[in-house]
Each structure stands twice: as C-alpha cells, then as structure tokens.
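The exercises below are to be worked with the sequence and the model at hand. Each task is followed by a solution in steps.

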Amino acid sequence: MISDELQKIFSTNLRAARIRANLSQLKLAEKANLSVGYICDLESGRRWGTPETFSKLSNALDMHPYELLLPMVAQDNGKSAEYQEFQKQYVGVLHRLLQQNVTNAVNKAISDTLVDILHC
C-alpha cells in the first residue's frame, strides 16, 4: 500500500470517527489539544499526523490509534478469523512502512550531523 492511499484512509477515518463521536472539528481540536486548522488539514489529507497526534486524536475519539489507519471495511467486520488475519497482515504492512520511514529519518539525521561536523 502506498503512502497516498494510507493517508486517504487516515483522513477519511478521522472525519468518520469525529462524526460518529458527534464532534465538530472545533470540539475535537479542544479535546485533542490541537488547532482547528490542523484538524481540517488532517481531514482533507493536506497534512499527516505525528505519533503524538495519533495518540491525542485516538484518546479524544475513544479509539485505538491503529484504527485510524484501517480501511473502513475492516473496521465494520466483527472479530472473525478472517478479520483477525486481515488485521494481522495490515498491521504488518504498517509496521514495515513505519520502520522504513524511521530508518530513513535516522539515516538522514546521521548524515546531516556528519556533514555539519565536517564543515565546522
């Protein structure tokens, strides 16, 4: 799954979860201690959330952070063996994607630090 698809799932799920919780963007922003503009950007897909943002949003919406990344079809199913297998595979994909992004960020930080040290 590519990042754009995952971001679309996230933004759709965030909006749907907010509506299910009967919250306006303003009320969600207040509960999550985030700005209304940021909530709007997240729901429209213009911005991605940080892990801290996912935690704040999921707490405000009374759900698990990973549920913001699950396709709606998976969320609507019960706890059947098929659902559990899907969830396991999907979480594996998310884990690999996050691991790759963290590795890339760490490598860039190390590289940037070395460049800074060599230019001093």
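**Exercise 1. Salt bridges**

Asp112 counts as partly exposed, at 36% relative accessibility; the class covers values between buried, under 20% relative accessible area, and exposed, over 50% (1.4 Å probe, protein chains only). The structure is a predicted model, in which local features need pLDDT of at least 70, side-chain atom pairs count only at pLDDT 80 or more, and totals for chains, interfaces and linings use all residues. Residues are numbered from 1 along each chain as its sequence is written, and side-chain values use heavy atoms, with hydrogens and water left out.

Task: Determine which residue forms a salt bridge with Asp112, and characterise the salt bridges of Arg18 and Glu30.

Solution. 

Step 1. Side chains of opposite charge can pair when their charged atoms come close. The criterion applied is a side-chain nitrogen of Lys or Arg within 4 Å of a carboxyl oxygen of Asp or Glu.

Step 2. The partner of Asp112 is Lys108, with the closest N and O atoms 2.8 Å apart. Asp112 and Lys108 are four residues apart in helix H6, so about one helical turn separates them. Helix H6 spans residues 81–118; helices (H or I, at least four residues) are DSSP runs, numbered from the N terminus. Lys108 is exposed, at a relative accessible area of 51%.

Step 3. Glu30 pairs with Lys27, and their closest N and O atoms are 3.8 Å apart. Both residues belong to helix H2 (residues 25–32) and are three residues apart, about one turn of the helix. Glu30 is partly exposed at 49% relative accessibility, and Lys27 is partly exposed at 45%.

Step 4. The side chain of Arg18 meets that of Glu43 at 2.5 Å, N to O. Because Arg18 lies in helix H1 and Glu43 in helix H3, the pair ties together parts that are 25 residues apart in sequence. Arg18 is buried, with 10% relative accessibility, and Glu43 is buried, with a relative accessible area of 10%.

**Exercise 2. Aromatic pairs**

Solution. 

Step 1. Rings of Phe, Tyr and Trp (its six-membered ring) pair if their centres lie within 6.5 Å; planes under 30 degrees apart count as stacked, over 60 as edge-to-face and the rest as tilted. By this rule there are three aromatic pairs.

Step 2. One of them joins Phe10 and Trp48 in a stacked arrangement, at 5.6 Å centre to centre and with 15 degrees between the planes. Phe10 lies in helix H1 (residues 3–20) and Trp48 in the loop between helix H3 (36–44) and helix H4 (51–61), so this pair ties together parts 38 residues apart in sequence. Phe10 is buried, at 0% relative accessibility, whereas Trp48 is partly exposed, at 31%.

Step 3. Trp48 also forms a stacked pair with Phe54, at 6.4 Å centre to centre and 20 degrees between the planes. Phe54 is buried, with a relative accessible area of 10%.

**Exercise 3. The largest pocket**

Task: State which element gives the largest share of the lining of the largest pocket.

Solution. 

Step 1. On a 1 Å grid over the protein atoms alone, a pocket is an open set of points where a 1.4 Å probe fits, with protein on both sides within 12 Å along at least five of seven lines; lining residues have an atom within 4 Å of a point.

Step 2. The largest pocket holds about 510 Å³ of space, the volume being that filled by probe spheres set on the points, which are joined across faces, edges and corners. It is lined by 18 residues, and the closest to its centre are Trp48, Gly49, Phe54, Leu69 and Leu98.

Step 3. H1, H4 and H6 are the elements that give two or more residues to this lining. The largest share, seven residues, comes from H6.

Step 4. Leu69 also has a contact to note: its C-alpha is 6.1 Å from that of Ile9, although the two are 60 residues apart in sequence. Ile9 is found in helix H1 and is buried, at 17% relative accessibility.
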